[in-house]
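Please keep the sequence and the structure at hand while reading.

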Amino acid sequence: MTFSLRQFACIASTFFLLTAAHADEPKMKVTLLGTAGPEYFPDRLGIATLVEANGEKLLFDVGRGTNQRLYQSGINPKDITNIFLTHLHSDHIEGLPDLWMTPWFLLGRDHGLELWGPDGTEPMVAGMRAMFGHDLNARVNKFNPIENLAIATHTVKDGVVFEKNGVSVTAFTVEHADGNPAFGYTVAWNGHRVLLSGDTTLNENLITHGIGADLIIHNVIAFSDRLSEMPEMKGVLAKLTTPEQAAEVFKRTRPKLAVYSHIVTKELQGSKGEDQIIQRTRAAGYDGPLVMGVDRMSFEISGEVKPLATKPIEQLPNLDSKGQVYP
């Protein structure tokens, strides 16, 4: 089954009513902050996914506009500490300088960041520090202490990379051509597991780690026929996951819910590309629960994976100063 946004909202409301009596059950929450790749969409910002479990807020990738989507999702950007990068392509890290710098001087973040990423992450951070050298020299004062700009970097290898409060993050190698080294991640807590594919083509390692996952969030790519035949675009298609390849992943892993994010479409305007992706996935034989992700869509995981109603943003207060209580 596939859900439209309207159907998704109705399902979310139904789940809320049916499960109100179980509101105190421990849950994981996953929020698709941004669901685009490098392309520009009127309603999608860059790839970023937040996983919350047992008090831990874990951010995976920091694409364009991540701070804005955190704020719009009811998360204060200054509350983010732990960040995991799937790889170092620009569309996965371009929101990192904003997340590092702005909550520090504007919102009074009182801690540094912990950053997990592949080989190359530490020199990338050094370059970011050089780029913001003026701020480091001019904005540091007794109100903006430099220690709260500290970034502890951790080079990711296959295996468990994070364990705290019963929450664990496991990295696994995937295949992304000019994006290598590239990783996917699983987050496990309280008997539940979420898999984030990162950017990859069809990959056996991902399938191995995906078996038994409650929720799989997977990249997808689809082009017009014209672009699909261009030599340059064939290389792009080859390093991400087509709907047919994603169907293979979902058929073999059988998650409770599969969700598309990092949605890359070219010359497929509006809903045309999204509809084509779903149709091709179904035609390839996957008949399980499937959602086309949109920005700020969120899911709750306990005994099942439940969609949550997306909160309106029209009445959000401005987030503009230190000491402000938000949310």
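Which residue takes a positive phi in the hairpin of β3 and β4? The model in which this is answered is a predicted one.

## The hairpin of β3 and β4

The residue is N54, with a phi near 50°, in a hairpin that has 2 residues between the strands. Strand β3 comprises residues 48–53 and pairs with strand β4, residues 56–60, in the antiparallel sense over 5 bridges. Within this pairing, L50 has L59 in β4 as its bridge partner.

## Strand β3 and its surroundings

Strand β2, residues 28–34, also pairs with β3 in the antiparallel sense, over 6 bridges. There, A48 in β3 is the bridge partner of G34.

In a regular strand, side chains alternate between the two faces of the sheet. A48, L50 and E52 point one way from β3, while T49, V51 and A53 point the other way, and all are buried. Because 6 of the 6 residues of β3 are buried, the strand is largely enclosed by the rest of the structure.

## Helix α9

Helix α9 spans residues 243–253, and its buried residues include P243, A246, A247, V249, F250 and T253. These residues lie on the same side of α9, because they cover an arc of only 160° around the axis. An α-helix has 3.6 residues a turn, so residues three or four places apart point the same way.

The cover over the buried residues of α9 includes the helices α6 (204–210) and α10 (271–283), together with the strands β12 (215–223), β13 (257–266) and β14 (290–292). After α9 comes R254, which has a positive phi near 50°.

Methods
Residues numbered from 1 in each chain as written. Predicted model: local features only at pLDDT ≥ 70, side-chain atom pairs only at ≥ 80, totals over all residues. Heavy atoms only, no water. Buried < 20%, exposed > 50% of the residue type's maximum accessible area, 1.4 Å probe, protein only. Helix = DSSP H or I, 4+ residues; strand = E, 2+ residues; numbered from the N terminus. Arc of directions from axis to C-beta. Contact = heavy atoms within 4.5 Å. Pairing = 2+ DSSP bridges.
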